[in-house]
Each structure stands twice: as structure tokens, then as C-alpha cells.
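I opened this model to look up a handful of local features. The notes below are in the order in which I took them.

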Amino acid sequence: MDSDAETNSETDEVLLQKVAGRDERAFSELYDRFAAPLFNLMRQMLGDTHEAEDVLQDGFINLWDKSSNYDATKGKAFSWAVMIFRNKAIDRLRARGRRARQAEQATDESDLWSGDSGPSADIAADEQDRASLVRRALLSLPDEQRKHIELAFLKGITHHGIAEALGLPLGTVKTSIRRGLLRLREAMSRGAS
């Protein structure tokens, strides 16, 4: 029997253990088996094909580097790989949020230096009151709804990404966000009146 046929008949777990021994052929076979489903997961979490490709590449490098940490007695090789890739995607989402905040901050600072006096004191006070009202309304929500809304709207994570990151069904996340937004709207209308 040739070694290619032997590699194709081995379980994912055996292949991953061989990768830990720096077996490039086993790594190539695992890549062939795992790349498509992991890429689809990354694309769902990130909502961007190019970022999903980057995370896929980074994830496989990480899988190669950390393969010696895999313990077959604790779970399937694919499940272990999903955790590596999921963490890489979450890191990417966090970085995306940081970049957006930095860009916003840079824009705000450039407005200060450009001589733009910004909003009038009345407008600034109104905005501060509105922000305070939103904070109070958010705090009045049940913890789970508040957490899901913050992940979706403040951190910019997709519903799919939230479901995957928290290990919840997508429908549960969507329902939680929808109910939270309804409660938020009610709280805001009560606070504004």
C-alpha cells in the first residue's frame, strides 16, 4: 500500500498526532479535509471573504505550531481545530473594532485641530443627556439581552459570530437581540417623556 492511500485512510486524530511530529504529508491531508468547512465558518463569523482567507491561513499556521498540545482523549481533532480558528476570528473581530475606534478618535482629533469649534454647548448637552438615557436603558435590560446587543451594535459582531462565539443557536441570539431592542425602545420612550 502506498503512503498516500495510507494517509487518506487515517482518522483526523491520527493525522493531527502526526502533524505534532512535523509530518508535512499529514498536515497537507488535514488541510484538505478541514479547509472548506473552516473557511465557511470563518466567512460566517467575519462576514468578509478576504478576512476569512487571512484567518484560515493564520489558523493553519497556529494549528501546525500548537499541534503538540492536542489530546485525542479530550475530543475530536476537528473540534479542537474549530476552537483555534474561532479564537483567531474573534481576535480579528476585536482588532477590527479597535481599528474603527482609532479611526473615529483620529477623526475627532483632526476636527479639534482643524479649527472646527464642534457642536454648540446646547447640542453637546443634548447629546450627553441622550447618551446617559441610552446607558440607563441598556442597564435596565436583562444581562443576556444587554450582552447580545452590546456585541452586535457596540462591537460590530454579526449575529452568526455571536452565536458561534457564545455557543448558542442563531435563532436564540436573534430573538434575544430583537426582544432587547424592543425593551430598549420602550425604556427610551419612557425616559424621554
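**Entry 1: a pair of salt bridges on one arginine**

I began with Arg 92, which forms a salt bridge with Asp 54, with 3.6 Å between the closest N and O atoms. A salt bridge here is a side-chain nitrogen of Lys or Arg within 4 Å of a carboxyl oxygen of Asp or Glu. This pair links distant parts of the chain, as Arg 92 is in helix H5 and Asp 54 in helix H4 (residues 49-66), 38 residues apart. Helices (H or I, at least four residues) and strands (E, at least two) are DSSP runs, numbered from the N terminus.

I noted the source before going on: this is a predicted model, in which local features need pLDDT of at least 70 and side-chain atom pairs count only at pLDDT 80 or more, while totals for chains, interfaces and linings use all residues. Residues are numbered from 1 along each chain as its sequence is written, and side-chain values use heavy atoms, with hydrogens and water left out.

Is Arg 92 buried or exposed? Arg 92 counts as buried because its relative accessibility is 18%. The classes are buried (under 20% relative accessible area), exposed (over 50%) and partly exposed in between, with a 1.4 Å probe and protein chains only. Asp 54 counts as partly exposed, at 37% relative accessibility.

Arg 92 also forms a salt bridge with Asp 58, again with the closest N and O atoms 3.6 Å apart. Asp 58 lies in helix H4 and Arg 92 in helix H5, so this pair ties together parts that are 34 residues apart in sequence. Asp 58 is partly exposed, with a relative accessible area of 33%.

**Entry 2: Lys 88**

I then looked up Lys 88, which is placed in helix H5 (residues 77-113). Its relative accessibility is 26%, so Lys 88 counts as partly exposed. Which residues does Lys 88 touch, not counting residues up to four places away in sequence? They are Val 55, Asp 58, Gly 59 and Asn 62. Contact means heavy atoms within 4.5 Å. From C-alpha to C-alpha, Lys 88 and Asp 58 are 7.6 Å apart in space, and they are 30 residues apart in sequence.

**Entry 3: other salt bridges**

I searched the whole structure and found eight salt bridges. One of them joins Arg 94 and Asp 91, whose closest N and O atoms are 3.8 Å apart. Arg 94 and Asp 91 are separated by about one helical turn because they are three residues apart in helix H5. An α-helix has 3.6 residues a turn, so residues three or four places apart point the same way. Arg 94 is exposed, with a relative accessible area of 52%, whereas Asp 91 counts as partly exposed at 40%. Elsewhere, salt bridges that share partners join Asp 12, Glu 29 and Arg 33 into one network.

**Entry 4: H3 against H8**

Where helix H3 (residues 24-46) meets H8, the axes come within 6 Å and cross at roughly 120°. Axes are lines fitted to C-alpha atoms, for helices over the stretch in contact, and angles run from 0 to 180 degrees between N-to-C directions. H3 contributes Leu 41, Gln 44 and Met 45 to the contact, and H8 contributes His 160, Gly 161 and Glu 164. By class, I count two nonpolar, three polar and one charged residues there. Ala, Val, Leu, Ile, Met, Phe, Trp, Tyr, Cys and Pro count as nonpolar, Asp, Glu, Lys and Arg as charged, and the others, Gly among them, as polar.

Within helix H8 (residues 159-166), Gly 161, Ile 162 and Ala 163 are buried. Gly 167 follows H8 and has a positive phi, near 70°.

**Entry 5: Arg 22**

I found a positive phi of about 70° at Arg 22, although this residue is not a glycine. Arg 22 lies in the loop between helix H2 (12-20) and H3. Its relative accessible area is 39%, so Arg 22 is partly exposed.

**Entry 6: the whole chain**

The chain has nine helices and zero strands. Of its 193 residues, 32% are buried. Among contacts with a separation of 6 or more, 61% are between residues 24 or more positions apart.
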